[in-house]
Amino acid sequence: MELSNIAQFYSLLFSFLFGGVLGLIYTVLSVFRISFGGKTLTSAFLDAVFWAVAAVSSFYFIFNVNSGVVRVYLLAGVAAGMLIFLATLGKTVTRLITKLLRKIKRKVKKLIAKVRAPVEKAANIVEIRVRAASKGSNFFDKNFKKHFKNTKKSSIIKDNSIVMSSDVNIKEKRAEKCKKTKRSQRGKRVE
């Protein structure tokens with residue numbers, strides 16, 4: 001069955017548009033692949049999936065547009081449409097999607113920070129309650145003091161609760177910082 005020149009022109013136009021859509025899909029997939037860690041195995045898998053989907057959809061497109069008759073100009077139109085899209089709009093779409101993904105990542109990080117703060121506060125409250133509950137036990141206090149009586153500075157018993165050396169070190173470092181700043185401020189004064 002012969003197609004008229006106008007029908008062939010429309011078929012070619014649709015193949016350009018179809019190639020542009022394939023180019024858009026490829027651009028979106030490549031941005032996601034790069035954004036979420038482009039391992040070679042992942043890249044190969046996504047490329048294989050894309051080209052398989054592209055081949056099946058191209059076959060379906062040609063079957064519907066040209067009644068299943070494969071014509072070289074339709075395949076060339078799909079390839080040209082994809083290449084033209086990638087050369088012109090591909091870079092712009094890549095930048096837009098990258099900006100959108102960055103905004104989404106920032107929003108997710110802010111959301112995690114908002115959720116994290118109350119969770120940490122709740123964990124601190126639970127820790128304080130555990131310390132308070134351990135203060136009431138005389139048996140625990142006596143055995144605890146006996147056990148840690150001769151320990152080195154790895155832990156200090158203060159008000160019947162353990163203050164680990166890391167807590168002490170942090171407090172000592174803060175105190176040293178304050179002393180240094182006071183010393184440096186004294187040195188700056190001219191008397």
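This is a predicted model: local features need pLDDT of at least 70, side-chain atom pairs count only at pLDDT 80 or more; totals for chains, interfaces and linings use all residues.

Visitor: Fine. How many salt bridges does the structure hold?
Guide: The structure holds 2. One of them pairs Arg33 with Asp47, with the closest N and O atoms 2.8 Å apart. That pair links distant parts of the chain: Arg33 sits in helix α1 and Asp47 in helix α2, 14 residues apart.

Visitor: Is Arg33 buried or exposed?
Guide: Arg33 is buried, because its relative accessible area is 13% and the cut-off for buried is under 20%.

Visitor: And what about Asp47?
Guide: Asp47 has 23% relative accessibility, so Asp47 counts as partly exposed.

Visitor: What does Arg116 form a salt bridge with?
Guide: Its partner is Glu120. The closest N and O atoms of Arg116 and Glu120 are 2.9 Å apart. Both residues are in helix α4, and they are 4 residues apart, so about one helical turn separates them.

Visitor: How accessible are Arg116 and Glu120?
Guide: Arg116 is exposed at 53% relative accessibility. Glu120 is partly exposed, with a relative accessible area of 40%.

Visitor: Switching to packing. Where is Phe50?
Guide: Phe50 lies in helix α2, which covers residues 40-66. Phe50 counts as buried because its relative accessibility is 3%.

Visitor: Which residues is Phe50 in contact with, leaving aside neighbours within four places in sequence?
Guide: Phe50 touches Leu22, Ile25, Tyr26, Leu29 and Met82. Take Leu29: the C-alpha atoms of Phe50 and Leu29 are separated by 8.3 Å. Along the chain, Phe50 and Leu29 are 21 residues apart.

Visitor: Now the surface. Which residues form the nonpolar patch?
Guide: Ile6, Phe9, Tyr10, Leu13, Phe14 and Leu17 form it. Together they have about 630 Å² of accessible area.

Visitor: Pick Leu17. Where is the place of Leu17?
Guide: Leu17 is in helix α1, residues 5-35. With a relative accessible area of 52%, Leu17 is exposed, since the cut-off for exposed is over 50%.

Visitor: Which residues form the positive surface patch?
Guide: Lys91, Arg95, Lys99, Arg102, Lys103, Lys105, Arg106, Lys107, Lys109, Lys110 and Lys114.

Visitor: And which helix is Lys103 found in?
Guide: Lys103 is found in helix α4, which runs over residues 89-135. The Arg116 and Glu120 pair is in helix α4 too.

How values were computed:
Residues are numbered from 1 along each chain as its sequence is written. Side-chain values use heavy atoms; hydrogens and water are left out. Patches are made of residues with over 30% relative accessible area and no salt bridge: like charges are joined within 9 Å, nonpolar side chains (Val, Leu, Ile, Met, Phe, Trp, Tyr) within 5 Å. Accessible areas come from the Shrake-Rupley method with a 1.4 Å probe; for residues, only the protein chains shown count as cover. A salt bridge is a side-chain nitrogen of Lys or Arg within 4 Å of a carboxyl oxygen of Asp or Glu. Helices (H or I, at least four residues) and strands (E, at least two) are DSSP runs, numbered from the N terminus. Buried means under 20% relative accessible area, exposed over 50%, partly exposed in between (1.4 Å probe, protein chains only). Contact means heavy atoms within 4.5 Å. Lys and Arg count as positive and Asp and Glu as negative; His and the chain ends are not counted. The place of a charge is taken as NZ of Lys, CZ of Arg, CG of Asp or CD of Glu.
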